[in-house]
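Here is a friendly note to read beside the structure. Take the points one at a time and find each place on the screen as you go.

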Amino acid sequence: MPDLATVHDVAATPLSRSSRPVLRVAIAALVAAAMIGGGPWVLDTYTVNILVRAFFVAIAALTVDVLWGCSGTLTFGQSAFFGIGGYALAIVFTQFGFGPGEAMLAVGAAVGATIVVAGLVGWLSFYPGSTPLYASVISLVLPIVLVQFLYSGGTFTGSSSGLVGFESFDLTLEAWFRLSGLAVIATLVATSIALRSDAGRVLGAMRDNDERCSYLGIDTARVRIGLLVAAAVIAALAGFGYVGFGAVAAPENAGFVFGTQLVVMVALGGRGSLIGAVIGAVVIEVASAYLSTSLPFIWELIVGVAFVAVIVVLPGGLLGGLRDLGRAVRRRGATVSAPVMLRTSEKPNAAPERDAIVVEVSGLSKHFGSLSVLSKISFTARQGELVSLVGPNGAGKTTLIRCLADGRERSEGSVRIAGHSIERLPADRIVGLGLGRKFQAASVFETLSVADCLRVARVRRERPSFLKTSPVLTLPAAARAVVESSGLVERLGDEAQFLSHGLKQALELAMVLALEPKVLLLDEPTAGLTRAERQGFAEILTGLVARERLCVLIIEHDLDFVRLISSRIIVLHQGRIALDGSVADVVDAPLVREIYTGRPASDACGVTP
Amino acid sequence: MITLALDIITTAAILFIVAAGLLIVFGVMKIVNFAHASFITVGAYAALVTSRFGLPPVLAPFVAFLAGGLIGAATERIVVRRLYRRPLDAILATWGLGIVIGQLVTLAFGREVQFVPAPISGTLAAFGVDYSLYRLLLVPTALVIAGLFAGLLNGTRLGLSTRAVIMNENLAQGLGIDSTRVRLITFGIGCGLAAVAGALITPLASVDPNMGLAWLIGAFMLVMVSGGSLLTLGLSCFVLGGLQVLASTFISPILGGLTIAVLAAVALRLRPQGFARA
Amino acid sequence: MTFTRSLSALLAAAAASTLLAGAAFAADPIKIGVPVGLSGANSVVAPSVVQSAELAVAEINAKGGVLGRPLALEVADDASGAAGAQKAFDSLVFQKKVDVLISMETSAARNAALPIVTRGKVPYIYTSFYEGKSCSPFMYVNAWVPEQQVPPIVDYFSKEKAAKTFFLIGSDYAFGRGMLAFTKAYIEKTGGKVVGEEYLPMDGTDWTPIISKLKSAAPGALITSTAGGAPNVTLTKQLRAAGVSLPYGNLAVDEGTAKGMGTDAEGIFLSASYVTGIDSAANKTFLSAMQKKFGADLKTPNDLSVPEYEAVYAYRAAVEKAGKTEASAVLKALADVAVDGPRGKIAMSQQHHAALTMYLGQVQADGGVKVIQSFPNVSAGQQCPNLKP
C-alpha cells in the first residue's frame with residue numbers, strides 16, 4: 001500500500017529551502033568574481049604576481065582540505081600531484097615546443113599521469129584493513145619518491161635545477177590573475193556543491209565512522225580511491241597553471257616540504273571549511289612573499305607557533321573557531337540541514353520464498369594461533385525466525401557475529417547468506433547479499449543529522465546525487481516504522497551526537513533496516529535501555545519477523561527478553577554450540593544453568609524437571 | 001667487496017643511532033615525534049658550540065644529550081602532553097614544533113652551512129682495506145647505545161615502569177605508576193638521543209638548520225617497520241640500510257636514497273603488524 | 001652568532017650609507033639588487049659576495065656616486081635554487097624595482113631567474129663562474145667559463161702527474177654536468193681516458209658509495225665539480241676520511257671555502273681567475289680596503305666574490321658612458337667598458353663574456369693558495385655567437 005508522502009516541518013516550499021544555500025553560494029561567487037575582475041586595476045604589479053601564484057597554491061590547499069578535513073585522510077602528498085601537473089607542462093614544452101597541439105598534449109599528459117599515479121597510490125593506501133596512519137605514511141613517501149625521480153632524470157627533468165627556458169602561455173599578468181582567481185572560485189563552488197550534496201554526505205560519514213559505512217554496504221576503499229584521484233587531478237591542474245605562469249618547474253614544487261606547507265595552510269585556515277583552506281593559503285603565501293625578505297626567520301617562527309597552537313587548542317583552524325563561536329552565539333542548537341519529507345519505498349516485487357533458509361553455517365572455526373575461540377559451529381536459520389544467541393562472556397558470540405558479517409574473519413568452515421557463500425568477501429559485499437549488522441555500542445555518524453545518517457544508509461539502494469540535496473528521504477516501511485515510533489521523526493534535523501543513548505540505538509536500527517536486509521544481526525541491543533524502551537524494542541523486533549519475514553540473530557544477556565521474543569535459542573559455550581532448540585527446550589535446561597553458574601546440575605542426565 | 005660490507009655495516013649503525021630515539025618515543029607513547037629532525041639539528045649545533053668553545057670533541061654527544069633532553073622534556077610538558085588521544089594531530093603538532101625549533105636555531109646561529117671538525121680523522125687498515133676510522137667507530141657506538149637502553153629498560157625501576165606503561169597504561173596507572181612522569185622522561189630521552197645522533201653525524205657532513213630533515217623520513221619508516229622493539233630496529237637498519245647502500249652503489253646514488261622509504265612502505269602493506277597500536 | 005653580527009653590520013652599513021648618501025646627495029639612489037644564496041648550498045660563500053658588493057658601493061658613494069646619485073644595495077635570499085630564485089627576483093624586480101641585478105648564484109637559480117630578468121627588462125651582471133653558454137641580451141658575465149678554467153688542470157695532471165685515467169664526480173645539475181661534460185671532452189681530446197663519472201643531487205651529503213667506486217676504479221687523478229660551498233666541503237671531508245690522496249682537481253672550490261675546510265683541503269689543485277696572492281697594486285689596495293672595512297668579520301675574498309666587486313665598478317662605468325640608467329643604454333655600454341680591478345683589466349667584450357687571466361694553484365697547509373702557473377688573457381671562446389654584439 002503506497003503511503004502518501006508525509007511532510008514534516010512545514011515552512012516554505014521545498015524548492016526554495018533546498019536552493020537557499022545554493023543561492024547564497026552563487027551570490028558569494030559572483031561578488032568574488034567581480035573582485036577578481038577588478039583586482040588588477042587596484043593592486044600593484046608585484047602583488048598581482050604573488051596572488052596569481054597564491055591562487056594556484058590555494059587550489060592545491062583546497063584539495064588537501066577535501067581529503068583531510070572532509071574525509072579524514074591526512075595527506076602530505078598533494079604537492080606531488082601539483083608537481084606532476086607542472087612538470088608535465090614543462091617537459092612537453094621543452095621537448096616539443098609550444099603550440100595549441102602541444103598544450104593539449106601537455107594537459108593530457110598531466111591528467112593522464114596523475115590518474116595513473118593517484119590510482120596506484122590509492123590502491124596502496126586504501127585497502128580493507130588499512131589504517132589512516134598508513135595512508136598518511138604513503139602520502140608522505142610519495143613526494144619524496146617523486147622528487148628523487150626528478151633528480152635522477154638528467155636533462156629530461158632538469159634534475160636539481162628544474163626546467164626553465166621553455167616557451168609557455170603568453171598571457172598578460174592581468175589575464176593570468178583573472179584566470180587563476182576565477183579558477184579558485186570555480187573550484188570552491190564546485191567542491192562546496194559536491195560536498196553538500198547527498199553524495200558528499202558519504203564523505204563525512206566515512207570520516208566519522210568508516211566501519212559503519214562498510215557495514216552499510218559502502219566500499220569505502222573504492223570511494224577513497226576515487227576521491228583521491230579526483231583531488232589529485234585538480235591539484236595537478238593547479239600545478240599546471242602555476243608552472244605555466246612562472247615558466248619554471250623546480251623540484252621544490254613537488255616536494256615533501258611544500259606538501260607539509262599545504263597542510264599547515266589548511267590547518268590554520270580551517271580544516272573542513274573549504275573557504276578557510278583558500279584563505280589560509282592565500283594569506284600565508286602573500287605574507288611569506290612580503291615578509292620573507294624583511295623578517296625571514298621571525299615570520300616562519302610565527303607560522304610555526306601558530307600552527308602548533310592551532311593543532312593543540314583549536315583543531316578547526318581559525319575559521320572553524322569562528323564558526324563554533326558563531327554557533328554558540330546564535331544558539332541555534334543542533335539543527336544542521338534542511339527539513340525533509342519521509343516517503344516509504346515500494347516493496348520489491350518478488351515476495352520472499354516462504355521461510356527459506358537464509359543463514360547456513362557449517363564447520364565454522366576461528367582460532368588465534370593455538371587459542372581456539374570458535375570450534376566447528378554449524379546451524380541454519382530461516383526467514384521468520386528470531387534466533388537468540390546466548391552464553392557466558394567469552395563464549396564467542398561476538399566473534400561468531402563477526403565471522404558471519406565479514407568473510408575474512410573465520411579460520412575455517414563455510415557460511416552461506418541467502419544461498420550465496422560469503423567466501424572471503426569483505427563486509428560491504430556481504431551487506432549486498434542481504435545482511436545487516438547492528439553493533440553493540442550505537443554506531444552512527446556523530447556529526448551528521450539523523451536524516452543524513454538514514455540517507456547514507458540508503459546509498460546502496462538509491463544512488464545519491466552529486467549536485468543536489470534531495471528534500472525527500474525514502475525509507476522502507478520497517479525503517480520508517482522505527483523512525484516514527486521511537487520519536488526520531490521529530491529530530492530529523494538534529495546531529496546524531498546530541499541524541500540520547502536510546503535514540504541512537506533506534507537510529508542505528510533504522511539505518512540497518514534501511515538496507516532492506518534479509519538477515520539482521522544484533523549485538524546486545526537492549527544494553528542500557530530503559531524498561532519501556534526494551535518493551536518497544538521487543539515489539540519492533542517481533543513485528544519485523546512477523547510482517548517482513550526477516551531472519552534475526554540476536555546476542556543477548558537478558559534472559560527474560562530472550563524468552564519473550566525468540567522463536568529459537570542457541571547456547572554457545574567455550575566456542576561450541578551447547579544447545580540449539582526452541583525456547584521451551586532451552587530456557588529451563590539444566591545444562592544452561594550449569595553453563596551460567598558453573599555448578600553441575602543436580603540431574604546429571606539433563607532431563608528437564 | 002670488503003669496502004661494500006663495511007659501508008653496509010657503518011650505514012646500518014648510523015641509521016640505528018638516528019632512529020633509536022624515535023623508536024623509544026613511538027614504542028612507549030604510541031605517537032610519532034616529527035620534531036625528531038629538529039632535535040638532530042639541535043644536537044649538531046650543540047657539537048658546533050662545543051667545538052667553538054674549544055672543549056674536547058668527545059664531550060659533544062653529552063652536551064647534545066643534555067640540550068636535547070631538556071628541550072624535549074619542556075616540549076612534552078607544554079605541547080605533546082595534550083595530544084595523546086589524537087595521534088595524527090600529534091604528528092602535525094610535532095612537525096610544527098620542529099619548524100619552531102629550527103627557526104630558533106636559525107635565529108641564534110644564522111642560516112649558513114657550517115662545519116664541525118672531525119674529532120678523529122684518518123683511516124684504519126681493516127680487513128686489508130683503508131676505511132674511515134670515524135665511520136668504523138660509529139658501529140661500537142651504536143652497540144653501546146643499544147646496550148645502554150636495553151639495560152635501562154630491563155634493569156632499572158624506571159625501565160620496569162616504562163615496560164608496564166607500554167603494555168597496559170591504564171593498568172599501570174591503576175597500580176600507582178605515574179605514567180605522566182614516565183612519558184615525560186621517555187620523551188626527554190628520545191629527544192636527547194636524537195640530539196646525540198646529530199652530534200655524532202656532523203663530522204661526516206655539514207651543519208645547517210635543515211640538516212635533520214633528510215634523516216627524518218628514513219628514521220620514521222624504519223621505526224614503523226620495526227613496530228617497537230630495539231632488536232627489530234637493528235635488524236631493519238641492517239637490511240634496509242644494506243639495500244640502500246647496494247642500490248646506491250650498483251644503480252645510482254640518487255635512487256639509492258629512495259630504497260628505505262619505498263621498501264618500508266611495501267613491507268608495511270604486506271605486514272601491517274607494525275601498526276597494530278596505531 | 002657570526003651571522004647575526006654580520007647581519008647587523010650589513011644593516012648598519014646599509015643604514016649608514018643611506019644616511020650618508022642622503023646627507024651628501026639629494027638625488028634618489030640607484031638600486032643594485034643582489035640575490036644570493038644566503039641559505040642552501042651557496043650559504044658558505046654568500047657572505048663574502050655581499051661584503052664585496054658593500055665595499056664597492058661604499059667606495060663609489062664616497063667619491064660622489066654615479067651621475068650624482070648614490071648606490072644602494074638590496075640583498076635577497078635565493079635559497080641557492082630555482083624556486084627561491086623566482087621569489088627573490090620577483091621581489092627585487094617588481095617590488096623593490098631595482099635598476100640592475102649584480103650577483104653570484106647557482107646555475108639552477110640563474111636559469112630560473114632569466115625569464116624574470118627578461119620580463120622586467122633589468123640588466124643582470126652574473127658574477128659567478130659557471131658551465132658556460134647561457135645567453136640573454138640582458139645578461140653579462142665577468143667570471144670564467146670551462147674553456148678558460150679546465151685546460152690548465154687537465155694539462156697539468158696529464159703532463160706533470162702522468163695521469164692517463166681520470167675519475168669525475170659532480171653535483172647533479174646544470175653546473176656539475178656542464179663542467180664535467182666539457183672536462184670529459186677535453187680529456188679525451190688530449191689523449192686521456194675517463195674511467196668513472198658519478199653525481200649526487202645538489203643537496204646530497206652522503207658520498208660514501210661514490211667514494212667506494214672511486215677507490216676501486218683506481219684512476220690517475222680525480223676531478224670534481226660540485227655546487228660551490230657545502231657539497232665541496234662534505235665531499236672533501238669524506239674523501240680524506242676514506243684516505244683518498246690522488247691528485248685532486250676541484251673545479252668549483254674557492255679560496256674561502258678551502259680555508260674553511262682546514263687541513264682536509266691541503267693538496268687540492270684549483271684553477272681560478274682570482275687568488276689572494278695575486279701580486280698587483282690593485283689587488284693589494286683592494287685587500288687592505290676590505291680588511292679596513294670589515295676587520296675581524298672579513299670573509300676571505302675569493303674567485304666567487306671578487307668579480308662582484310669588479311662588476312659594481314663595471315656598472316658604474318657603463319652608466320657613466322651611457323649617461324643614464326635606462327636598461328638598453330646600459331646594456332649597450334657594458335660591452336664597451338673596461339674595469340681595472342684586483343683581477344686586472346677586465347672587459348665583458350667577448351659575446352657578453354670576458355677574457356681573463358687564469359691561475360693554476362695548489363692549496364697549502366695554512367689554507368692559502370700557491371700559484372703554480374699563470375695564463376694571461378685566456379679567451380672565453382664562443383659562448384653566445386647568436387647574441388648581437
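**Notes on the model**

1. A:Glu423 sits in the loop that links β9 and α16 (427-433) of chain A; helices (DSSP runs of H or I, at least four residues) and strands (runs of E, at least two) are numbered from the N terminus. The phi angle of A:Glu423 is near 45°, a positive value in a residue that is not glycine. A:Glu423 counts as exposed because 12 other C-beta atoms lie within 10 Å. The cut-offs are these: 20 or more other C-beta atoms within 10 Å make a residue buried, 12 or fewer make it exposed, and anything in between is partly exposed, with C-beta atoms placed from the backbone.

2. A word on reading these notes. This is a predicted model, in which local features need pLDDT of at least 70 and side-chain atom pairs count only at pLDDT 80 or more, while totals for chains, interfaces and linings use all residues. Residues are numbered from 1 along each chain as its sequence is written, and chains are lettered from A and ligands numbered from 1 in the order in which they are written.

3. C:Lys133 is partly exposed, because 16 other C-beta atoms are within 10 Å.

4. Back in chain A, β9 belongs to a sheet. Four strands of chain A form an open sheet in the order β6-β5-β8-β9, with antiparallel pairing; two strands pair if DSSP finds at least two bridges between them. Which strands stand at the edges? They are β6 (371-382) and β9 (420-421) of chain A, each with a single partner strand, so one side of each has no neighbour in the sheet.

5. Inside that sheet, strand β5 (residues 357-368) of chain A is joined to strand β8 (residues 412-417) of chain A by five bridges, and the two run antiparallel. To see the pairing, find A:Val361, which stands opposite A:Val415 in β8(A).

6. Now take chain C as a whole. Chain C has 12 helices and 14 strands, and its C-alpha atoms fill a box of roughly 65 × 50 × 40 Å along the principal axes. For 389 residues, a compact globule would have a radius of gyration near 21 Å, so the 20 Å of chain C agrees with that. This radius is taken over C-alpha atoms, and the globule rule is 2.2 Å times the number of residues to the power 0.38. Of the 389 residues in chain C, 62% count as buried.

7. Strand β6 (residues 165-171) and strand β7 (residues 193-200) of chain C pair in the parallel sense over seven bridges, and C:Ser171 has C:Leu200 in β7(C) as its bridge partner. With helix α6 (residues 174-189) of chain C, these strands make a right-handed β-α-β unit. Right-handed means that, with the strands pointing away from the viewer, the path from the first strand over the helix to the second runs clockwise.

8. Buried or exposed: how does C:Phe175 count? C:Phe175, in helix α6 of chain C, counts as buried because it has 28 C-beta neighbours inside 10 Å. C:Phe175 touches C:Thr106, C:Ser107, C:Tyr130, C:Glu131, C:Ser225 and C:Ala227, leaving aside residues up to four places away in sequence; contact means C-beta atoms, placed from the backbone, within 7 Å. C:Tyr130 is 45 residues from C:Phe175 along the chain, yet their C-alpha atoms are separated by 6.0 Å.

9. Finally, see where chains meet. In one interface, 29 residues of chain A are in contact with 32 residues of chain B. On the side of chain A that touches chain B, α5(A) gives the most, with 12 residues. By class, that side has 22 nonpolar, six polar and one charged residues. Here Ala, Val, Leu, Ile, Met, Phe, Trp, Tyr, Cys and Pro count as nonpolar, Asp, Glu, Lys and Arg as charged, and the others, Gly among them, as polar.

Key. Two residues are in contact if their C-beta atoms, placed from the backbone, lie within 7 Å.
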